[in-house]
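Hello,

Here is the structure I promised to pass on to you.

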Amino acid sequence: MTGYSRIALGAALVVLSTVQLSEQAGKIACPAGTFDCGDGGCIPMEKKCDFWTDCKNKKDEMDCKPEDCKTGTFSCGNGKCVRKLIHRCEGVDDCGNGADEKDCKPNECGLGAFYCGNGKCVRKNRKCDGKDDCGNGNDETQCKPEECQSYTFPCGNGRCVKIEKKCDGTDHCGNGADEKSCGAAAAKTKGAKPGAATATTTTCPKGQFSCGDGGCVAMDKRCNHWKDCRNGADEANCAKSDCRGGAFHCGGDSMRCTWSQDRCDGNKNCDNNSDEENCTPEDCKPLTRFCGNGRCVLAKRWCDGKDDCGNGYDEKSCSEEDCQPYTTFCKPKSGKTGKCVPQGTQCTP
């Protein structure tokens, strides 16, 4: 190696070392008792594996061990935790591996779910829909006519079949009910789209609501925040007096009902946001904070550099510890309080 080559190599090593030192100097070490997001952000350790993504890169909700899952959450066994009260045994695979829907007990089935008797729960809107969702057929046996979903035909023997299977020449009910009284009506509607055949011929029994598409649902299913009619007609044009089962009326022009437990939870459930107005501190759900103006916002939106309250209350008097991991803390100047701004935003006087 020539002298020139040795000098060039030495210079390159110096540059590389300088770059590495610069990168190390620029990396902020998270304080003790906090979790390193790996993207420059740090969060309190109790926020790891609590089913809320506090790290911008969602690292705090990855690779969670069973012992990491916080109180009120359920360990999926695949590095994920889900809310026990909301997601465990409610008929939907939230874990991704089905763990939250296995070995369910009758009293564990969540709101709006039906117990199959085999350790499984299914959504109530799948009960009596003409399909075996339980796997043991329990959701399709002993169905009352009023329990049959709007897009099914009640057989009268505890079964329901899809409307499009009525008058198709095959006895799907088992008692021939779906092939009775067809005659000219079936011939007239032959070749029509599924469900269209009964749209103008079905008359709903007294005490049932007509969906307008040939389907009927029990009147107590109207305005209960579940779409029991296939076209959603049972949840449209709801007056306050129509809201069932403790549902909350959205009011105004929306004419909708939503779950009462969704009120003041920091999420917009009514299209006019009325479920998040006129809240009191006592109304605010867990993991939310009161804004002082009748609103509640999620705690993870507090001190995130954005006015979520609408009156700026969530961005006042923020300390460095309050700032969300994807923000930068601006130190207080000349008597003013500190604040948090989105990363990459310059602090202003």
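Below are some notes on its rings, its charges and one alanine.

This is a predicted model, where local features need pLDDT of at least 70 and side-chain atom pairs count only at pLDDT 80 or more, while totals for chains, interfaces and linings use all residues. Residues are numbered from 1 along each chain as its sequence is written, and side-chain values use heavy atoms, leaving out hydrogens and water.

Let's start with the aromatic rings. Rings of Phe, Tyr and Trp (its six-membered ring) pair if their centres lie within 6.5 Å; planes under 30 degrees apart count as stacked, over 60 as edge-to-face and the rest as tilted. By this rule there is one aromatic pair. The ring centres of Trp302 and Tyr313 are 6.0 Å apart and their planes are at 80°, so this pair is edge-to-face. Trp302 is buried, at a relative accessible area of 10%, whereas Tyr313 is partly exposed, at 41%. (Buried means under 20% relative accessible area, exposed over 50%, and partly exposed in between, with a 1.4 Å probe and protein chains only.)

Next, the charges. A charge sits over a ring if NZ of Lys or CZ of Arg is within 6 Å of the ring centre and within 35 degrees of the ring normal. Lys127 has its charged end over the ring of Phe114, 5.1 Å from the centre, and Lys166 does this with Phe153, at 5.0 Å.

Phe153 also turns up beside Ala177: leaving aside residues up to four places away in sequence, Ala177 touches Phe153 and Cys155 (contact means heavy atoms within 4.5 Å). Ala177 counts as buried, at 15% relative accessibility.

Happy exploring!
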